[in-house]
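Reader: I am new to protein models. Could you show me how to read a few features in this one?
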Amino acid sequence: MTADVTTRHEIVEGLRATFESGLTRPLAWRKKELHAMKELLAAGEKELLAAMYADLGKPAVEARLTDLSFVSAEIDVMLRNLDRWARPERVAVPLVQRPGRARIVREPLGLALVIAPWNYPVQLLLLPMASAVAAGNCVIGKPSELAPATSSVLARLAHCHLDARAIALVEGGPEETRELLDERFDTIFYTGNASVGRLVMEAAAKHLTPVTLELGGKSPALVDASADLRVAARRIAWGKYLNAGQTCVAPDYALVHQDVEVAFVDALRAEIRAFYGEHPKQSRDYARIVNDRHFDRITGLLQATTGVVAFGGETDRAERYIAPTVVTGVRPDDPLMDDEIFGPILPVMSVRDMDEAMNIVSDRERPLALYVFARSKDVAERVLAGTSSGGVGVNCTVLHTAVPGLPFGGVGASGMGSYHGRAGFETFSHQRAVLFKPSHPDPPVQYPPYTRIKRWILKRLP
Ligand code: NAD
């Protein structure tokens, strides 16, 4: 729903009252709503696929895989594990505190705000919302206005399927988001670019609201001389050109050992042809750029690069089509190396060895993902030990995000906090520390006056 300021304020107040009523705390309610989210995805599949196609030319297979089934599978993990995650956790009590029993109780934080971007418009909205619900919170989701068709279908489906007393979708752009941010939330979960991330954090600071920021960055792919080049090329090409490069964990650029650079680029060409044919524009499996602004930004990079277009390079503004493109001979000061590309251009830089590659990575902000391709386990381990990133794929790209047991999130400039699987449940929970003590015995040793004998005992207690 698009709502004016007053209505938005009323929604916030309504949801807060619901949270305070205790409706969302019982596990039965949480599970019912998680099942309802799955129903929403199943019942709305056709409409959602059509909407994502309208917004991004997203191929149905990819949209199913990365948006619909992705969320559904994560919800299954929540449903299977919720009882265990929510169970109070016993903690050992030190000798001096005995008798006593200690436990950690996971409690919902209250009212959560989830702000989503446009590139995986279903996954990046519904998955954090599902985690918030699993943890027993009320939640407002704010889809991206840059995927308007998906935003409107999601709002309608949410209204039909979810408990409106506790879960709401509020549509709108920057202005509506800013107004929402003026409200008080108990946690804010934002996915998108870092500049807006800063605004979110500033707004949250006013109310001392904790934030989770899922940002982006330039995720490198390091290709060692020991790598299986065909596999490396295929997996890097898949991760890069999925959703036309508009993926936060896409390999942004490749750092390739000089001995295998030519062979790697040849392999890339072959794999891109195998994926999308001679004319990727006609492929049903290749997406489009989200809007003219991003199209102009990406094609601008292509015009500004001092590298050589080794593959692709064709563009069509009317269709917002940019061919899967590989640029070689790229240097660290190339415009392609300034910011996250977030489009289907893969700059390839040749490096002397993996040490040089690691130095290039470490000179930049810490990325959301890092990929290393090597048959040598030592090389892979060395790259792991010598770098930092939100997540890592060894001999793969993107797929580490689809292992629900792995937390997903950035580090440094690529974000703070994480979700997926149990990490999502924890992000939306407060770990409440509880100690139960019987009234007796109540030895006087800890109480004043601290006599010599008491001091002697206290010094020696473990
Ligand atoms: P976007 O433009 O859709 O913005 C994200 C959200 O912020 C939207 O809901 C939008 O309405 C809101 N917003 C935009 N401008 C605002 C403003 N001035 N004030 C308040 N709210 C505002 O998406 P985007 O930022 O273009 O997304 C792409 C970026 O997100 C990339 O950097 C990408 O790497 C990152 N990303 C990260 C992840 C992750 O999981 N870490 C996932 C996807 C995208």
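Author: Let's start with strands: two strands pair if DSSP finds at least two bridges between them. Here strand β13 (residues 325-328) pairs with β14 in the parallel sense over three bridges, and V326 stands opposite L346 in β14. Strands (E, at least two residues) and helices (H or I, at least four) are DSSP runs, numbered from the N terminus.

Reader: How should I treat the model and its numbering?

Author: This is a predicted model, where local features need pLDDT of at least 70, side-chain atom pairs count only at pLDDT 80 or more, and totals for chains, interfaces and linings use all residues. Residues are numbered from 1 along each chain as its sequence is written, and side-chain values use heavy atoms, leaving out hydrogens and water.

Reader: Over how many bridges do strand β9 and β14 pair?

Author: Strand β9 (residues 253-257) and β14 pair over four bridges, in the parallel sense. Within β14, M349 is the bridge partner of L255.

Reader: Why is β14 said to be largely enclosed by the rest of the structure?

Author: Buried means under 20% relative accessible area (1.4 Å probe, protein chains only). Six of the seven residues of β14 (residues 345-351) are buried, so the strand is largely enclosed by the rest of the structure.

Reader: And which residues make the contact between α1 and α7?

Author: Contact means heavy atoms within 4.5 Å. Helix α1 (residues 5-21) passes α7 (residues 174-182), and V5, R8 and V12 of α1 make the contact with E176, E179 and L180 of α7.

How values were computed
Axes are lines fitted to C-alpha atoms, for helices over the stretch in contact, and angles run from 0 to 180 degrees between N-to-C directions. Buried means under 20% relative accessible area, exposed over 50%, partly exposed in between (1.4 Å probe, protein chains only).
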